[in-house]
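This report considers the surroundings of a ligand, the packing of helices and several individual residues. The sequence and structure are shown first.

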Amino acid sequence: MSALEVIGLLFCVYLLWSIVSALFNLLYTCYLGNALGRSIDVKKLGSWAVITGATDGIGRAYAEEFARQGLNVVLISRSLFKLQNVAREIETQFGVKTRVIDVDFTSGREIYDRIGAQLQDLDIGVLVNNVGMSYNYPEFLCYLPDAGAFCTRLMHCNILSVTGMTLLLLPKMAEKRKGLILNVSSASAVLPSPLLSMYSSTKAFVEKFSRDLSLETQHFGVTIQCVLPSFVATNMSKFKSSLTVPSPTQFVRGHMNTLGLEVSSPGYWVHKIQIGFYNMALSFARPIVERIAWYGLFSIRTRAVRRQQRLKMTEVNPDKTGNSANVGVQPIQ
Ligand SMILES: NC(=O)c1ccc[n+]([C@@H]2O[C@H](COP(=O)([O-])OP(=O)(O)OC[C@H]3O[C@@H](n4cnc5c(N)ncnc54)[C@H](OP(=O)(O)O)[C@@H]3O)[C@@H](O)[C@H]2O)c1
């Protein structure tokens, strides 16, 4: 056998091994582990779950899922009206208790004293750090409107909320020697995401923070898991659900199977395949994947900018009825 043939054979073995172990990991984390009773029973952790960004999308789906499993839920978002409606629906549907806290996570440290005061009497087993915000559409960092203030709000909402809520609840969990903290990051944290650099970097913080913190908290019996969704059909993504874009409920149900089985997980099986594929492509042909990501996000930006320009034109020239069109710019993941 020539040296070239040996290298070719080794490469094929490596490729086969990578594919087989990835398939086994997919099967174990999405189905087998849970079926074998290896995932976490959240009811044993405490009687309450706290969810940030809980009135819509992924956060609401987590609140409903934990309520379905019998936990009382604390819902945290900005709008008191929406919070009260969602709380009432959850109480009626699942027969659990709820508590609501209206805060804006784009604010600074001051909100955490108020949140802490409203949580101190509860036996909290689960914290879901879900709240997050993104750009209205992919944009060059240097062209973001009011970039300084926007980036500060983004960091408060996507980073400070995670550390602030964790610092509030982790000490008691460590004392009880049980608890689960789920941090919602994004696939953009680990994939090339030009024109979303601030958003994806805040989500990369969440991923790294979760990984390293989980090494600390394993000594206290507290589980930290980071979830990295690709597109989910919510107000933020503005995508309709499809095979690759699950509804929030599909996404959360899928992710529940992986609880305690992985520190960092795309959560949903299709997203796992997508991210696995991208990671493999990145290790062989990073420049090509980066180029594809660039063109994809740049074309979304171009469409959004055109839509904004049309909106401005319509505002300047309203139609005969005097109404101007109400066209929104499509937000993205
Ligand atoms: N959807 C996706 O495709 C996708 C993909 C990857 C990662 N993610 C991540 O998943 C998480 C949830 O996203 P989503 O798509 O479910 O969002 P969503 O549908 O827009 O829901 C956001 C929730 O957060 C609340 N919220 C928003 N800004 C807030 C603020 N400043 N303070 C307090 N509450 C606030 C909203 O309620 P109020 O408006 O009443 O405050 C709502 O309940 C985010 O961290 C996001 O980055 C989403």
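## Burial and the loop residues

A residue is termed buried if 20 or more other C-beta atoms lie within 10 Å of its own, exposed if 12 or fewer, and partly exposed in between. The model discussed here is predicted, and the burial terms are applied to it as just stated.

Leucine 195 is placed in the loop between strand 5 (179–184) and helix 6. Because 21 other C-beta atoms lie within 10 Å of it, leucine 195 is buried. Most residues other than glycine have a negative phi. Leucine 195, although not a glycine, has a positive phi of about 70 degrees.

Lysine 238 is a further residue other than glycine with a positive phi, in this case near 60 degrees. The loop that holds lysine 238 runs between strand 6 (222–227) and helix 7 (248–256). Lysine 238 has 14 C-beta neighbours inside 10 Å and therefore counts as partly exposed.

Leucine 215 belongs to helix 6 (residues 197–217). It counts as exposed because it has 10 C-beta neighbours inside 10 Å. Between the C-alpha atoms of leucine 215 and threonine 98 the separation is 32 Å, and these two residues are 117 residues apart along the chain.

Glutamate 216 also lies in helix 6. With 12 C-beta neighbours inside 10 Å, glutamate 216 counts as exposed, since the limit for that term is 12 or fewer.

## The shell around the ligand

The shell around the ligand contains 30 residues, of which Gly53, Gly57, Arg78, Gly132 and Thr234 come nearest. Divided by class, the shell has 11 nonpolar, 15 polar and 4 charged residues. Helix 2 (residues 57–68) makes the greatest contribution to the shell, with 3 residues.

## Packing of helix 2 against helix 3

Two packed helices are described by the angle between their axes and the distance between the axes. For helix 2 and helix 3 (residues 80–94), the axes come within 10 Å and cross at roughly 30 degrees. Angles under 35 degrees count as roughly parallel, and helix 2 and helix 3 are therefore roughly parallel to each other. The crossing of helix 2 past helix 3 is right-handed.

On the side of helix 2, the contact is made by Arg60, Ala63, Glu64, Ala67 and Arg68, and on the side of helix 3 by Val86, Ile90 and Phe94. This contact comprises 5 nonpolar and 3 charged residues, with no polar ones.

## Packing of helix 2 against helix 7

The axes of helix 2 and helix 7 come within 8 Å and cross at roughly 55 degrees. The two helices are therefore oblique to each other, and their crossing is right-handed.

Helix 2 contributes Gly57, Ile58, Arg60, Ala61, Tyr62 and Glu65, which meet Pro248, Thr249, Phe251, Val252, Arg253 and Met256 of helix 7. By class, the residues of this contact divide into 7 nonpolar, 2 polar and 3 charged. Arg60 is named in the contact with helix 3 and in the contact with helix 7. Gly57 takes part in the contact with helix 7 and is among the residues that come nearest to the ligand.

Methods:
Residues numbered from 1 in each chain as written. Predicted model: local features only at pLDDT ≥ 70, side-chain atom pairs only at ≥ 80, totals over all residues. Near = placed C-beta within 6 Å. Helix = DSSP H or I, 4+ residues; strand = E, 2+ residues; numbered from the N terminus. Nonpolar A, V, L, I, M, F, W, Y, C, P; charged D, E, K, R; others polar. Axes fitted to C-alpha atoms, helices over the stretch in contact; angles between N-to-C directions. Parallel < 35°, antiparallel > 145°, perpendicular 65-115°, else oblique. Left-handed = near helix turned anticlockwise from the far one by under 90°. Contact = placed C-beta atoms within 7 Å.
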